[in-house]
Amino acid sequence: MGLLVAAPLAYSAGSKTPDNILTRGEYVYRAAGCLSCHTDDKHGGSALAGRRALITPFGTFYSPNITPDPETGIGRWSEHEFTRALRAGLGRNLEPLYPAFPYTSYTQMTDADLHALWIYLQSRPAVKQANKTHDLKWFASARATIRLWKALYFIPGAYKPNPQKSASWNRGAYLVEAITHCSECHTPRNALGGASTNMRYAGTRTGPENSVVPNITRDKKTGIGKWSVGDLTTYLENGMTPGGDFAGGVMAEAIDNSLRYLRREDLADIAEYIQSLPAIEHAVRKAGKNTAQKEAWE
Amino acid sequence: MTHSNFSHRLLFTAACLLLGVSLATHAAEPETKDIIKYRQSVMLSLRGHMAASTAIIQGKVEFKDQLVNHVMSLEANTKDIPSLFPKNSDSGDTKALDAVWKDNPDFLKKAKSAQEKSEALAKTVASGDTKNYAPRLKELQEACKTCHKDFRKEEK
């Protein structure tokens, strides 16, 4: 099925960290897009030191420092605490975490990938930079709200392969659902911020950074039903649409920091899985506009 | 010169002057929406030539003879991208981010990179150095994406 969902690589906690764990960890780190959200690139921030603003309809979240700095980063965290954060959405002191951190997807990661990611993050340079408090709207600011949210919408648990499907489809599904977390942006959310289960991947006008996130189901009219698996693979690799346009904004960032580092066969598996999603007719672009014109840089 | 000839010439000169003044006035104060529409048209043509060049270079279609036309159009239309973004074209129905004007040095740098990469691609195709078509194309694609990432909103 591929590296990330293969059986855990041989690793002994007492031995020197093998290179293959670091390589695997770096691959998971790239695929998961940690760099984009945990680095304040706009203001020249250090890698993974946090403070990147994520503007959402619930307010602005500031990502935390995840470098190994003991005071301001995750240097004092244990691997168990780290894994629990990704699997269960709980902070070091068991406080519930906001789902702006996509543990809703990461919960599906394999133990081997979580372990490799932990090892890799520990190998990054420590940066001392205190976290910034989120600037949230009143209804989102209480941690009790998150508990309620989690009870309603969070389904913990590792990815379960579908035996009815091919290895490449399962590989794509694992990458998309557990690691690259495409659904977090491409699925519209209801008023409480829960993903609309009957509209998965159908796009939204209220995406992060005030962006309109396209419908990526295979609907021919409003989605990407006219794209081939090859078209989508190329897009994930270099950002070019079949029509010669290029990704911008948050998606270009995802490609630059994350997807471009994935092997082409993994991107093809991602494309295969995405193209297998049920078509949903859902127009997110402004009505009455020529689509070709809208796709160009106006 | 007869009187009639003179009158015709005078009339013609006056008409030219009027037209000239009218064009000059128009050129001096183009409407924002027209600039945006023009910019959009140029970007659309770039998009078409990019898709066409890619299809030929990737071997999806023949039309090898047409490649030089497509890459020359890419080169011509990326020659002065900043001129498509005058100061009064930052509002209206545009996906261009404020950063185009606020972070202008970076924008100019990235626009120049697109220009250089498209020149390199055109030069490579003109020289018939086929093995370098794909690498040069990739570099241009990268330049396009880099600029879109920082300066274009995904949708508005």
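Mentor: Consider A:Gly243, which, leaving aside its neighbours within four places in sequence, is in contact (heavy atoms within 4.5 Å) with B:Arg47, B:Gly48 and B:Ala51. The model is predicted: local features need pLDDT of at least 70 and side-chain atom pairs count only at pLDDT 80 or more, whereas totals for chains, interfaces and linings use all residues. Residues are numbered from 1 along each chain as its sequence is written, chains are lettered from A and ligands numbered from 1 in the order in which they are written, and side-chain values use heavy atoms, with hydrogens and water left out.

A:Gly243 sits in the loop between helix H9 (229–238) and helix H10 (249–257) of chain A; helices (H or I, at least four residues) and strands (E, at least two) are DSSP runs numbered from the N terminus. Its relative accessibility is 27%, and A:Gly243 therefore counts as partly exposed; buried means under 20% relative accessible area, exposed over 50%, and partly exposed in between, for a 1.4 Å probe and protein chains only. Within its own chain, A:Gly243 lies 16 residues from A:Trp227, and their C-alpha atoms are 9.9 Å apart.

The size of an interface is often given as the accessible area lost when the parts come together. For chain B and chain A, the buried area (accessible area for a 1.4 Å probe that two parts lose on being put together, summed over both) is about 3,000 Å². Carbon and sulfur atoms give 52% of that area.

The rule finds five salt bridges across this interface, a salt bridge being a side-chain nitrogen of Lys or Arg within 4 Å of a carboxyl oxygen of Asp or Glu. B:Lys149 and A:Asp256 form a salt bridge through their side chains, at 3.0 Å from N to O.

Chain A as a whole has twelve helices and three strands, and 53% of its 298 residues count as buried. Of the contacts in chain A between residues at least 6 apart in sequence, 63% join residues at least 24 apart.

A:Tyr201, in the loop between helix H8 (182–186) and H9 of chain A, has a positive phi of about 65 degrees although it is not a glycine; at 1% relative accessibility, A:Tyr201 counts as buried. A:Leu48, in the loop between helix H2 (34–38) and strand S1 (53–56) of chain A, has a positive phi near 70 degrees. A:Leu48 is buried as well, with a relative accessible area of 1%.
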